[in-house]
Amino acid sequence: MIIDSHCHFDMMPNPEQYLKQQEVKKNISIGMTNLPSHFLLGYEHVRQYKFSRLALGFHPLYASENKSELRLFSQCLDKTSYIGEIGLDFSNEGLKTKDDQVFVLEKVLQLLSKKNKIVSVHSRRAEKVLFEMLITYGIKNVIFHWYSGPLSLIPKIVEHGYYFSVNEKMTKTNSGIEIIKRIPRNLILTETDAPFNKVCSISNTLTNIGLGESVIYDNFSRLISTIRR
């Protein structure tokens, strides 16, 4: 069983065919969405599957022009146990909408602070600010998707029991390798970030980091047990 804790199957050429293939293989796929309206479009289609789940998202790069969807986010919150992707992006691409991103994320975290969800976060060039906001709002069960931030922040993230989802591309860069080295094996999950990431074999990821599928399964099982209590 392969566990893909962060992908975008709603953005694939043929989502239905992809999900049926994953079901046959009994692979677990957690599909991120970029907006609440995207989640709502896919919700009825995905809920029929046993091994695939759709996450409720509000991608930071979509935040500025879609603040009106905050109400829809609130309305959809009880339809899923998975949130993602949400977060901040202070790269050159997102820096111009920084204030709007923070505004939307604060509203989202206020809603999540009252819920018990699994949360996949986008943190590009905004890792410290995002981490501090997660702590401020008492958000648990967080997965840092494709972390690329400072090594010095990793111990603090680990201290709060947050997870990291890693992919094959990370295992092929010096910075990615250094990051993975510092993550305790019990806090590692696998992801593809497909279809955006073209270097995304989970089998290759596991081989490159020297972990078996059973370790990832145990980690994922431990994480989802927190929302079944």
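**View 1. Three strands of this predicted model form an open sheet with parallel pairing, in the order β1-β2-β3.** At the edges stand β1 (3-7) and β3 (52-54), each with a single partner strand, so one side of each is left without a neighbour in the sheet. From one strand to the next the twist averages 10°, where axes are lines fitted to C-alpha atoms and angles run from 0 to 180 degrees between N-to-C directions. Strands are DSSP runs of E with at least two residues, helices are runs of H or I with at least four, and both are numbered from the N terminus. The model is predicted, so that local features need pLDDT of at least 70 and side-chain atom pairs count only at pLDDT 80 or more, while totals for chains, interfaces and linings use all residues. Residues are numbered from 1 along each chain as its sequence is written, and side-chain values use heavy atoms, with hydrogens and water left out.

**View 2. β1 and strand β2 (residues 28-31) pair in the parallel sense over three bridges.** Two strands count as paired if DSSP finds at least two bridges between them. Within this pairing, Asp 4 stands opposite Ser 29 in β2.

**View 3. The largest pocket has a volume of about 460 Å³.** A pocket is an open set of points on a 1 Å grid over the protein atoms alone, where a 1.4 Å probe fits and protein lies on both sides within 12 Å along at least five of seven lines, and lining residues have an atom within 4 Å of a point. Grid points are joined across faces, edges and corners, and the volume is the space filled by probe spheres set on them. The lining of the largest pocket comprises 23 residues, of which His 122, Arg 124, His 145, Trp 146 and Asp 193 lie nearest its centre. At least two lining residues come from each of α3 (60-63) and α8 (174-181), and α8 gives the most, with three residues.

**View 4. Pro 195 is found in the loop between β8 (188-190) and α9 (202-209).** Leaving aside residues up to four places away in sequence, Pro 195 touches His 8, Met 11 and Met 12, a contact meaning heavy atoms within 4.5 Å. The C-alpha atoms of Pro 195 and Arg 71, which are 124 residues apart along the chain, are separated by 28 Å.
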